[in-house]
Amino acid sequence: MAFVHLDVLCFYSLLICTAFSSVSSNAEIKVNPPQDFEIVDPGYLGYLCLQWQPPLFLDKFEECTVEYELKYRNIDSEDWKTIITKNLHYNDGFDLNKGVEAKIHTLLPPHCTNGSEVQSLWSEATYWKSPQGSQETKIQEMDCVYYNWQYLLCSWKPGLGVHFHTSYQLFYWYDGLDHATQCPDYIKVDGQNIGCRFPHLEASDYKDFYICVNGSSDSHPIRPSYFIFQLQNIVKPLPPDYLSLTVKNSEEVNLKWSMPQGPIPAKCFIYEIEFTEDDTTWVTTTVENEIRIARISNESQQLCFLVRSKVNIYCSDDGIWSEWSDEQCWKDDIWKETLVFFLTPFAFVSLFVLLVTCLLLYKQKAVLKMVSCVT
């Protein structure tokens, strides 16, 4: 029994030594965080570059594919965006009205570290646009609309309490432009810029579009405002036209209209139809430019409808409804039915009276003729 007990003790001792040896082996594998981690602003109004250098002493892992886990966000955001990359830089868009924070660490894959992933400590960086001017001096009610997927127009209201001589300037950038560009055609009221008409924007869809509106004043500094959106999400199409309403029978109505003119493909539209039958109105939607609607009553006297259009979810994440089309109506000709109802008997009576009169005149004429012959 003593030998058995001794063997068991030796076995456990061997397991403990092996475990400590494994832990010690893994503990010896360490990797440093990336060097010179920073957030760089190239002047693209919110499109920033996060860049870094390889960690020190990386030559010990020449046979390993080193990766980096990058996390970043605007400072007031609850959620981090996470990227795993082998590169030494990463670009993305940020709201420069707020600060930016990011952190990164080095990852060694399991096949380089005896089966377990090794991570370095975090390296952190922040970025803030130097604030100037009070919050009240920023422009208000910025509104941008991409009309018919062709013409971009933005408008705003001056900040609170700013002098009427305050000068606002708009700059924009998207991937494809060499540098941020100033608005070439301002909308002015009393000499003050309150909007911008953009030129033709080539290859600007489905990518972030960055805008900054800043200003200058003799009395006090103006705080700039930054905006990011994608043009296909702010498209306002033209309304449909050439509406037609056909009453197929006493139970069904066919509504049809033509697709709005312009460059928007037919597959990108959704339509909202407002249909009125006498005093009852309801709204429905369709992706086709034709729809059949059941009538509430076959005795309804008036049917009307109008349509508006918007870019659908297959071509954008959002959109702006067009204006409503002109109204198209159908009216039942009940006055004609009433007129026919009353005139038909009258016509028969008149015809009967006419025939009787003709017969009487004919007989009277015959009698007169006979009397003339006798004389």
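**Disulfide exercises**

Cys144 and Cys154 are both buried, where buried means under 20% relative accessible area, exposed over 50%, and partly exposed in between, with a 1.4 Å probe and protein chains only. The model is predicted, so that local features need pLDDT of at least 70 and side-chain atom pairs count only at pLDDT 80 or more, while totals for chains, interfaces and linings use all residues. Residues are numbered from 1 along each chain as its sequence is written, and side-chain values use heavy atoms, with hydrogens and water left out.

**Exercise 1.** Describe the link between Cys144 and Cys154.

Solution. The sulfur atoms of Cys144 and Cys154 are 2.0 Å apart and form a disulfide, a term for a pair of cysteine sulfur atoms within 2.5 Å. Cys144 belongs to strand E9 (residues 140-147) and Cys154 to strand E10 (residues 151-157), so the pair ties together parts 10 residues apart in sequence; strands (E, at least two residues) and helices (H or I, at least four) are DSSP runs, numbered from the N terminus. The torsion about the S-S bond of Cys144 and Cys154 is about 115 degrees, so this disulfide is right-handed.

**Exercise 2.** Work out the handedness of the disulfide between Cys183 and Cys196.

Solution. Begin with the sulfur atoms of Cys183 and Cys196, which lie 2.1 Å apart in a disulfide. The torsion about their S-S bond is about 105 degrees, so the disulfide is right-handed.

**Exercise 3.** Is Cys329 buried, exposed or partly exposed?

Solution. Cys329 forms a disulfide with Cys304. Cys329 has a relative accessible area of 34%, so Cys329 is partly exposed, whereas Cys304, at 3%, counts as buried.
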